[in-house]
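Let's take a friendly walk through this model together. Please have a look at the sequence and the fold before reading on.

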Amino acid sequence: MGAKKHVVDLSDEDRKTLEWFISTGERKAEDNTRARILLKADDGLTDSKISEHVGCHWKTAYNTRKAYCERGLAAIHRCKPDREYERKLDGKAEAHLIRLACSEPPEGHSRWTLHLLADELVTLDEIDFESISHETVRQRLKKHPETASLGLLGDSA
């Protein structure tokens, strides 16, 4: 079997940064997992051993090592800094969505569903969308407490 293609060799400063990153407890669990993977990979463990220690799939360990070799410590974050993440709904479209969610449901339905809202939002003439997912609708409505009583986002208890 050949040598590893993506070798993690952390400097002392990078190691201290990752240890601090994990110890603060203020990060996403997936970011902490990737930081732990990098520390274990620097210790020389294989992907399968790392996955046992960290509790992830071996492919996650491989992908994290690969990302570290490409992007450095920024690899612990899933979002790539050079990629543009464009919001699907602007303020005007979001206002339409909230107004729609608070209105009477369409005929034949007892209440709005996320799928119905997404479909209705696409058909509005004021807003120019080819498509919008129910997940986008859910994320936008979650940000507005006035829509919590509609029962669209599941039980909040």
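Which residues lie nearest the centre of the largest pocket? They are Arg34, Asn63, Ala67, Arg71 and Arg78, among the 11 residues that line the largest pocket. A pocket here is an open set of points on a 1 Å grid over the protein atoms alone, where a 1.4 Å probe fits, with protein on both sides within 12 Å along at least five of seven lines; lining residues have an atom within 4 Å of a point.

Before going further, note that this is a predicted model, in which local features need pLDDT of at least 70 and side-chain atom pairs count only at pLDDT 80 or more, while totals for chains, interfaces and linings use all residues. Residues are numbered from 1 along each chain as its sequence is written, and side-chain values use heavy atoms, with hydrogens and water left out.

The protein has seven helices and zero strands (helices are DSSP runs of H or I with at least four residues, strands runs of E with at least two, numbered from the N terminus). Helix 4, residues 58-71, gives the most to the lining of the largest pocket, namely six residues.

That pocket holds about 330 Å³ of space, a volume being the space filled by probe spheres set on the grid points, which are joined across faces, edges and corners. The second largest pocket has about 240 Å³, and its lining includes Glu86, Arg87 and Lys142.
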